[in-house]
Amino acid sequence: MPLHAASLKKALLLFFVAIYTMLTGGPFLWVAAMSLRTTPQILRNPYGLPRHPHWENFVGAWTQSSYSTYFWNSAIVVVTAVLVVMVIGAMAANGLARYRFRGNNAVRLTILAGLLAPPQMLILSIFQIMIGSGLYNSLTGVIIVYVAIQLPLTVYLLEAFFARIPQDLFDAARMDGYGNFTIFWRITLPIGLPAVFATATLNFVMLWNEFLYAIVLLTNNSKRTLPLGILHFMGSRELNLGMIATGLMIAILPIIILYGCCSETMIKGMTAGAVK
Amino acid sequence: MACLNLENVTKIYEHGRPAVKNVSLSVADGELLVLLGPSGCGKSSVLRMIAGLETVTSGTISIDGRPVNNTPAKDRDIAMVFQSYALYPHMSVYDNLAFGLRRRGLPKSEIDERVTKAASQLGLAGSLTRKPYALSGGERQRVALGRAIVREPKIYLFDEPLSNLDAALRSSTRNELLRQHEALPTTTVYVTHDQVEAMTMGDRICIMHQGEVVQVGRPFEVYRNPVNTFAARFLGDPPMNLLRGTLELESDGTFVRLSGVSLRLAGHVAQQLVAYAGKDVIAGIRPEDLYEASTSLPEGRTAGLPARVVVVERLGAESILTLSVDGSSDPLIARVGRDTACKSHDRMMVMLDCAAVHLFDPATKEAILWEEKPRLEEADVRAPL
């Protein structure tokens, strides 16, 4: 009964996908529902649906608390760090993937070793460096740290992709008269765009949610990023669940928008037709 | 227009044995030289060194007498067509064609003119806005060709450009390339492992094997006068038959004894053959120099070998017979007419043209009676065959 076996397999697969979706999407929907309710409503019935959505929660969170400051701090830190890490990371990945030079492997291994070091191990030394260089409690300091911690992953992902771009394309560009930097800019980057977008999105999500370095390096309220702001909300006033949920939604929205915009580019394979 | 010269060029890759050994070649202005050889023989490495995509380990490559070993690829004014086509996937056909011209800072109007001209020449006028993935294999190949043509370079390099096309398209593109070359003769080096391409396209052929040049010459000359058993077998399909025999010098002529049959070699006894008297030799016979019993060759020029038919391949225009010669373990392949009545297991007397027998030394595999033809003068290179 191959047909029966196939439908059973499909049903099982659907079952697990449904469970997974509930586990990941459920909490998100719960927070979304809470963000449109008031704290007393939530305390009365934590799992209730917003019968009369309180959209004003968002306005309140934005204007009456420091969420706007946290949001802009996060935006400045994360966008700058992602831009810088992508530029440096893409160039490094291109160099490692494309050129054979003495010490190529040593450089690669050193960069990738960064993936192995747990943040808790590095935090003390980074804290000292930031104090020593006067970058403690500054967004610039956090940007530099974020670039450093995301660089190994960026190089790792992009190198694997760049190495798959056929060598003939680079040779053809050289024959067409272009130098290394122009080839990187006009050939490698456009062809590697799906990987660049995917890596940028991943970096963005990881840094947008980054908590450990932020809490150690930023103590001034005006410098806090969103994850710290939400924590601050929990500690400094009574537990305002509605406000926290609204803050979480404000924090999550940019990531959802980013994914919505880039997912298609990420999936689209642009190398189709490159060779043969 | 340019002359290309390679002098003792050697390429050794990192941690490897030499891929190219002491290759010396010259390509005259407007000449089309075909580098022919099996995979891994070093022909692509030679091409890439000419292009400037690989460094030269030792030796000199010069264009118009000027050494270019240290000139970067982008400054050599050479265009190359890759086996994989290497079209930029994110660019339209127009941009693919114009990419090299933009680098040279040509005015937009000239770029437009050259691209449009090349596109219409190659039948791509309607595809200029399309991306490579939306093109058929043949169209991609033409874009790759167009990208070289628009540049109007000094030298063209082709790296097996037709090997990804189907048989019909390959044949028409081959003719198109030949037509283009005849219309505007530009110095060209064409790498292939396909001997039909080599025979039909090359002003001269250079056969390579294990990184070394085996033989250079006009196609027919190399075909008819191979320098060793490798060249003999590599050029020709089916390849030349090689049979072991013994050379006998008699008072009435020179004979090769093959499995009980003596073949009288035509012409005078060459001095070189004296040393081989009574010794083993390899006799090479092209399949088309073997005949079924009836042949119009003059009396005395043919000899018959008793054989059994193993396989008959009827190709339509001709038939290929695989034969087992009595007393010999080497199979013999004959190209005969399409109307042959032979069937498997038939016994027959296969006739061979004694004047067409080549002799090779069994130890060195070199041709025994081969004489180097006088070096071709530049003007001679393009003379009709």
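In this predicted model, 5 bridges join strand E11 (residues 241–250) of chain B to strand E12 (residues 253–258) of chain B, and the two run antiparallel. Local features need pLDDT of at least 70, side-chain atom pairs count only at pLDDT 80 or more, and totals for chains, interfaces and linings use all residues. Residues are numbered from 1 along each chain as its sequence is written, and chains are lettered from A in the order in which they are written.

**Sheet in chain B**
- B:Glu250 has B:Gly253 of E12(B) as its bridge partner.
- An open sheet of 5 strands has the order E13-E12-E11-E14-E20, with antiparallel pairing (strands, E, are DSSP runs of at least two residues; a pair needs at least two DSSP bridges).
- Strands E13 (261–264) and E20 (358–360) of chain B stand at the edges, each with a single partner strand, so one side of each lacks a neighbour in the sheet.

**Nonpolar cores**
- The largest nonpolar core has 148 residues (buried Ala, Val, Leu, Ile, Met, Phe, Trp, Tyr and Cys joined through C-beta atoms within 7 Å; buried means 20 or more other C-beta atoms within 10 Å, with C-beta atoms placed from the backbone).
- Its largest share, 11 residues, comes from helix H7 (residues 139–162) of chain A (helices, H or I, are DSSP runs of at least four residues).
- B:Val34, B:Leu35, B:Leu157 and B:Cys206 have the most contacts inside this core (contact: C-beta atoms within 7 Å).
- Another core, of 15 residues, lies apart and includes A:Tyr70 and A:Phe233.

Technical notes:
A residue is buried if 20 or more other C-beta atoms lie within 10 Å of its own, exposed if 12 or fewer, and partly exposed in between; C-beta atoms are placed from the backbone.
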